[in-house]
Amino acid sequence: MNFPQLIITVIKRWKIRNDIIILIAEDDEGHFILAKRLLRKAVTNEIMWLRDGQETLDFLRMQGQGPRRDPQRDYLLLLDLRMPKIDGFEVLSQLQKETDLKGIPVIVITTSDYPDNISRCKALSCAGYAIKPLKPDFVDTLEQVAARY
Amino acid sequence: MEKPDKSRADLLADISALQEEVASLKDAICKPHTQSDGFALETLVTRISTDFINTDPGRVDEEIIKALELIGNFVCVDRCYVFMFSQDAATMNNTHEWCRPGVQPQMQRLHHLSTDALPWFSSRIMALKNVVVPRVADLPDAAQAEKTEWQRENIQSLICVPMACRGKVIGFVGFDCVLYQNDWSEQVITVLRIVGDIFANLIDRKQTEEALRKSEETYRTLINHVDLGITLIGTDHRIIMANTAICKMFNKKPEDLIGKKCYEQFEHRSDICSHCPGTKAMAAGVHADVETYGIRDDGSRFPVKIRAFPLFYESGKPRGFIEVVTDITHLKQAERTLEESRRMLQIVLDNIPVRVFWKDRNSVFIGCNQLLARDAGLKSNQDIIGKTDAELIWKEQAELYRADDAKVIESGISKLNYEEPQTGPGGEHRWLRTNKVPMRNFEGRIIGVLGTYEDITDRKTIEQERESLLHALAAKNEEMESIIYITSHDLRSPLVNINGFGTELENSFKKVREFIKDDGMIDKSALPELKMLLEQDIPESLEYIHASADKMEVLLRALLTLSRLGRVELKIAPINMSQLLDEICRSMQYQITESKVRIVINELPDCMGDKGQISQVFTNLLDNAIKYLSPERKGRIRVSGKVLKNRCIYCVADNGIGIVREHQDKVFEIFHRLAPLGTIQGEGIGLTAAQRILARQNGRIWLESEIGKGTKFYIELPAAHHYSH
């Protein structure tokens, strides 16, 4: 896993494959709306909202009452750390344990820039890390991660 | 000019006359005395014995030789001699000799002869028999050795008489004839025998006196060289003898003391001392001891120890006593110094704020100081001697102490500065800081263990209190920190929204402005987008901004409430819990009816607490229970309580959705909510507040829960007074 150090100022905005579904795991609606709006300006990919850790795992594991992952499609997960019931760390570590899930790139988005948290996420193989509120350059991060797909 | 005027006949006559003269001369010289000379013999003997009686022992040898000469001449012998046997009679020594002039002296030669060399002779002498040999040549074969020896000495005839003293043969006196043979007459033999006896006596006397003199000298030397004062005192208490030491003690000369009264000289008294050991000894017949003071002429006193030995005549009558006097000045001083230092040691031991004890190799106490005796509840530190730890009030620790003692004694290594427990006089638990070192005697052998300890119970108690205070402080700090941490995060969330939507608002207005042309007109094509902006985006942004600000307000208010909980003054009083719960239910009537929940309140015991705050706690719990009801079944909440060991334990039980195990600890965390925002109302401080409140009132809260079944919250508080039993 490479953590992006340089942000490349890119004019081209259509680098990311537009068939990848972007999942946003976020318990605060306001945060979700902001993220969605930001992304909408840059990409046309489908965006899905998962409201907490439990819903996220259920979706990815294709279990539970709500929507389920489509095995035929590719996904990219934007993951908030502070969520009730099951938090972001827990979700990350669970994903690592499942062979068909650990390939899904995860970018952690959170209010905290606490170094311990960052290194913890790195240890759990997250593909990227961004601080809320998301700035426009977040899209570059997104594109870089997606590019490795 | 010789002319042969005498005739041959005359010459012959002269010759025969000469011969006759010679013969008579010879007779006169050599013939033994006849009976008529018996009187003269007796006179001789008498004279010799008289002379000898008065002889000074120093002149005995002279006198013997003189006597030998007298007898020799009288009896007409050629040689007279005295021989002495050695102590074991194995050798004989020629000690005195008189020879007629012209006769060869033999004494030089006759020293340390072996008596076995002349066995025939020696055996006869030893048997107190006279040896009379008229003719040496006629000696029997048994006396071959003697014959050989005497003929060598040219002896023709001899006589030897034994010298005996007190039945023991000490030697013999002998008379030799060299020139002719002698038929020794009875008279002569008798006289010689008597003389022999006289000599024997004399020699014996001389020897005895010599021995006595030597013995006396030995004793005198001894007495005058010892360090003890020795004095011989008579029954009249006059000093008979005083040795060098006692003279030195009293600074006197022997002549100052001898003949004087002992009580005057030694103690400057005018009469016999009442404590006189001599008097006691003579009365009792055994030695007597006394300690008193000697007084010198200059008035100085010194302590003495006197042992008096009585002396008795053969009749049993006392004849005096010997005093052995020791100057014990130094001894007394040493005793005093020892006593001083012993006392000093005891003072030190009893005053230092440390317990000191010492035990032998078997951990039996041989001493201790006052402090330790007090610890052990004993009246005096003497009472501990002979006891072991198992017999004292700290017998619980006896094994432990004994093991430590043994280790120190075995290894010879001190155990220093370690802590150990001790049961005190009231049965309380005390802590000690102890040292144990091995005790060695002068030879370096370990004879026991010496220990000291300080009572550090108070210090330890303080330490322990400090520990727990520090812990409490640390816990409090942690709680504070986590509250701050959690709060700052929880506040960030709405800020992100305010920031984010603020920017969105900015963008929206930018776009609106772009649509308004310079002339104030708007393009028709832009209308749909403009509409969306004005009717959707902008209001939405504003809504989120307001909601977030409100959220922050709520959070901050909750925080304030929580912090106030710590500062508000508590009014502790007995609380009628049944009444309280009724009040709470009435105030929550609306929620209860709305949620269609059934609440059952059992009979509740009264507790001690602040009514307002306890009310908050139960309100929170009921609130939560109602909020987290299960949609699958009819909600039931039961409130019950019981008393256990003067504590009240209440239970708020519901059949709601329950709490998963991983979250059960977290529920008390500030702002923690089990459901995402928006689904269930509440700032999430209820349980944190409850925990705070109860901690302040000496109570606690905990839960039991099973996911899908329900939750039980337990509250513990001190029971109201009238319940404690």
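This is a predicted model: local features need pLDDT of at least 70, side-chain atom pairs count only at pLDDT 80 or more; totals for chains, interfaces and linings use all residues.
1. The contact between the two chains draws on 22 residues from chain B and 18 residues from chain A. The area buried between chain B and chain A comes to about 1,800 Å², and carbon and sulfur atoms account for 52% of that area.

2. Three salt bridges are counted between chain B and chain A. In one that can be inspected directly, Arg37(A) pairs with Glu504(B), and the closest N and O atoms of this salt bridge lie 2.9 Å apart.

3. On the side of chain B that touches chain A, helices α14 (457-515) and α15 (527-567) each supply at least two residues. Of the elements in chain B, α14(B) gives the most to this side, with 13 residues. Sorted by class, the side of chain B that touches chain A holds eight nonpolar, eight polar and six charged residues.

4. Helix α16 of chain B spans residues 577-587, and within this helix Met577(B), Leu580(B), Leu581(B), Ile584(B) and Cys585(B) are buried. These five residues lie on the same side of α16(B) because they cover an arc of only 135 degrees around the axis. Arg586(B) and Ser587(B), by contrast, are exposed on the other side of α16(B).

5. At the start of α16(B), a side-chain oxygen of Asn576(B) comes to within 3.3 Å of the backbone nitrogen of Ser578(B).

How values were computed. Residues are numbered from 1 along each chain as its sequence is written. Chains are lettered from A and ligands numbered from 1 in the order in which they are written. Side-chain values use heavy atoms; hydrogens and water are left out. Buried means under 20% relative accessible area, exposed over 50%, partly exposed in between (1.4 Å probe, protein chains only). Helices (H or I, at least four residues) and strands (E, at least two) are DSSP runs, numbered from the N terminus. The arc is that of the directions from the helix axis to the C-beta atoms. A polar contact is a pair of N or O atoms within 3.5 Å; within protein, one must be able to donate a hydrogen and the other to accept it, and residues adjacent in sequence count only if both atoms are side-chain atoms. Contact means heavy atoms within 4.5 Å. Buried area is the accessible area (1.4 Å probe) that two parts lose on being put together, summed over both. A salt bridge is a side-chain nitrogen of Lys or Arg within 4 Å of a carboxyl oxygen of Asp or Glu. Ala, Val, Leu, Ile, Met, Phe, Trp, Tyr, Cys and Pro count as nonpolar, Asp, Glu, Lys and Arg as charged, and the others, Gly among them, as polar.
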